[in-house]
Amino acid sequence: MQARHAASDYAALEGQRGGIQIAFAMVYLALALLVLLSAVAVGFWFANRLVEPISRLVVASERLRDGDLTARVEETASHDEIGALSRAFNRMAGQLEEQRGELLGANLQLDRRRRFTEAVLGGVTSGVLGLDAEGKVTLANGAAMNLLDSRGENLVGQELERAVPEMQPVLLEARMRPGRIIEGEIHLGSGETARDLLVRVARVSDAPEPAGAMTGHSEFDRERAGFVVTFDDISALKSAQRMAAWADVARRIAHEIKNPLTPIQLSAERLRRKYVHEITTEPEIFERCTDTIIRQVRDIGRMVDEFSSFARMPAPVLRQENLNEIARQAVFQQQLAAPGISITFSLPDQPVLIYCDRAQIAQALVNIIKNATEAIGTREKMDGAGGQITVRVRVDKEGRIILSVMDNGCGLPREIRRRLTEPYVTTREKGSGLGLAIVRKIAEDHGARISLQDLAETEEALPPGFDGIGANVQIIFPAEICEAPGHAVNGRESDMSGKDISPRVAGISRQVQDGA
Ligand SMILES: Nc1ncnc2c1ncn2[C@@H]1O[C@H](COP(=O)(O)OP(=O)(O)OP(=O)(O)O)[C@@H](O)[C@H]1O
Ligand SMILES: [Mg+2]
């Protein structure tokens, strides 16, 4: 019975075995799946941990590439390769940022220096040219272009030796003697635009000087070397030198000649007085000869006086004078000497009171008017134009007093225009060439300057009847000439004794200006 029960239980259990086996299999499968999923999740987590710093590095590198030099990655404390890579990346980015900052700073400084150099070059009166190794102009400042006149235009890019052949010898010498500054004087142009220039050429190397480099350049540097050419207009200086030299010559000649003149003249006079009655054969020849000696000696004496008056012009004695009055008197004198010429005035109604040396200003004006009458004489010979001279006094906007003498003569000679105020420069057969030199000296001694223009180029309104041919010679006095001088004009002491009446004078000047 028991056995039967056991058998039936066994059979029942045997019937359930399949289901239990399936249940076990299911549980096993579920567990295996769970383990697998956990393993995948752990794998993913691990992989992510590994890749994340690298992707951060990738993102940061992208930012660097786009120019954001502040990009950094988070550094971990780990000592693995990724940690080392992050630290190296951050160091590299830091250095890049620092170097860019330095570069920007250097660039800014260079830019500032360039602008400063440009401002300096633009402001100096000397011409400055930069040349490359082939002698082509790479830089030219404003003064260089002005001093070279028409040749200064479009100079950059041209070979200097071709554009200005006069500079060739100086440049050649600079090429042959590197390391030295070569200096030379050249004469540019002709006629009105003629100029004397003092040129200096220095050689510069393009290659940056390495730190601690020895002085002296390699052959390579020499080949690459360019030049800096600087030049100044020394025409005025040369003119002043010539003037000084002439004044010196004039003084010496005057001194050497004058001494024996008086005894010669006295002796000739004495000869004639004493022996004219004793000469029995052809006394008229004796008389004519002694007369000639006396006359010629007198002429030489006059010439010598002219020399010395130029060389030893006395310092002006300044007093308050009415310029209109001086002009009237000078014209009166000259009108007598040139009766065929009509001399007119254009003077302000009010007196123009200036502090000047009356005699010297009158002498200057007489010289100018004399030149004008001579220029008219020259033109009359040519086309018979009726001579006309106008003497004008006016006050310009800046308060300067302008004394101008306009004539309808032949006009100023073009070729030597710049040199007309130098001594002994003349186009007239009988001229001494001292007239305008004396005018210039008088003007300069009064702090004024002289201007020579053809009527065609003058800004001054032409008087009625003028046909545009002729000259306009001006003495331009500074506004201060109206004021009582403190103590000196042009460095010389004056013996001015007048009281200070400058406010009145200034008022008059203004009235004149309004009325002119
Ligand atoms: N108004 C003018 N018109 C034309 N040319 C002039 C005039 N004034 C001066 N000149 C020129 O300037 C030159 C120099 O003049 P400057 O008065 O110095 O000497 P000069 O008249 O030749 O001689 P000097 O005056 O000593 O007798 C003259 O020879 C002349 O050619
Ligand atoms: Mg003259």
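Trainee: How many salt bridges does the structure hold?
Mentor: This is a predicted model, and the structure holds 33 salt bridges.

Trainee: Remind me, what can side chains of opposite charge do?
Mentor: They can pair when their charged atoms come close.

Trainee: Okay, so which residue forms a salt bridge with Glu 183?
Mentor: That's Arg 200, and the closest N and O atoms of the two are 3.2 Å apart. Glu 183 sits in strand S3 (residues 182-188) and Arg 200 in strand S4 (residues 195-204), so the pair ties together parts that are 17 residues apart in sequence.

Trainee: Switching to ligand 1. What pocket does its space make up?
Mentor: The space taken by ligand 1 is the largest pocket. Two elements each give two or more residues to the shell around ligand 1: helix H10 (358-383) and helix H11 (435-445).

Trainee: Which one gives the most?
Mentor: H10 does, with five residues.

Trainee: And how many residues surround ligand 1 in total?
Mentor: 21 residues, and Thr 426 and Leu 436 are among the closest. By type, the shell has nine nonpolar, eight polar and four charged residues.

Trainee: What do Thr 426 and Leu 436 have close to an oxygen atom of ligand 1?
Mentor: For Thr 426, a polar side-chain atom lies 2.4 Å from an oxygen atom of ligand 1. For Leu 436, a backbone N or O atom lies 2.8 Å from an oxygen atom of ligand 1.

Trainee: How much of ligand 1 does the protein cover?
Mentor: The protein covers 94% of the 600 Å² of accessible area that ligand 1 has on its own.

How values were computed
Residues are numbered from 1 along each chain as its sequence is written. Chains are lettered from A and ligands numbered from 1 in the order in which they are written. This is a predicted model: local features need pLDDT of at least 70, side-chain atom pairs count only at pLDDT 80 or more; totals for chains, interfaces and linings use all residues. Side-chain values use heavy atoms; hydrogens and water are left out. A residue is near a molecule or strand if one of its heavy atoms lies within 4 Å of it. A polar contact is a pair of N or O atoms within 3.5 Å; within protein, one must be able to donate a hydrogen and the other to accept it, and residues adjacent in sequence count only if both atoms are side-chain atoms. Accessible areas come from the Shrake-Rupley method with a 1.4 Å probe; for residues, only the protein chains shown count as cover. On a 1 Å grid over the protein atoms alone, a cavity is a set of points where a 1.4 Å probe fits but cannot get out, and a pocket is an open set with protein on both sides within 12 Å along at least five of seven lines; lining residues have an atom within 4 Å of a point. A molecule sits in a cavity or pocket if more than half of its atoms lie within 2 Å of its grid points. Helices (H or I, at least four residues) and strands (E, at least two) are DSSP runs, numbered from the N terminus. Ala, Val, Leu, Ile, Met, Phe, Trp, Tyr, Cys and Pro count as nonpolar, Asp, Glu, Lys and Arg as charged, and the others, Gly among them, as polar. A salt bridge is a side-chain nitrogen of Lys or Arg within 4 Å of a carboxyl oxygen of Asp or Glu.
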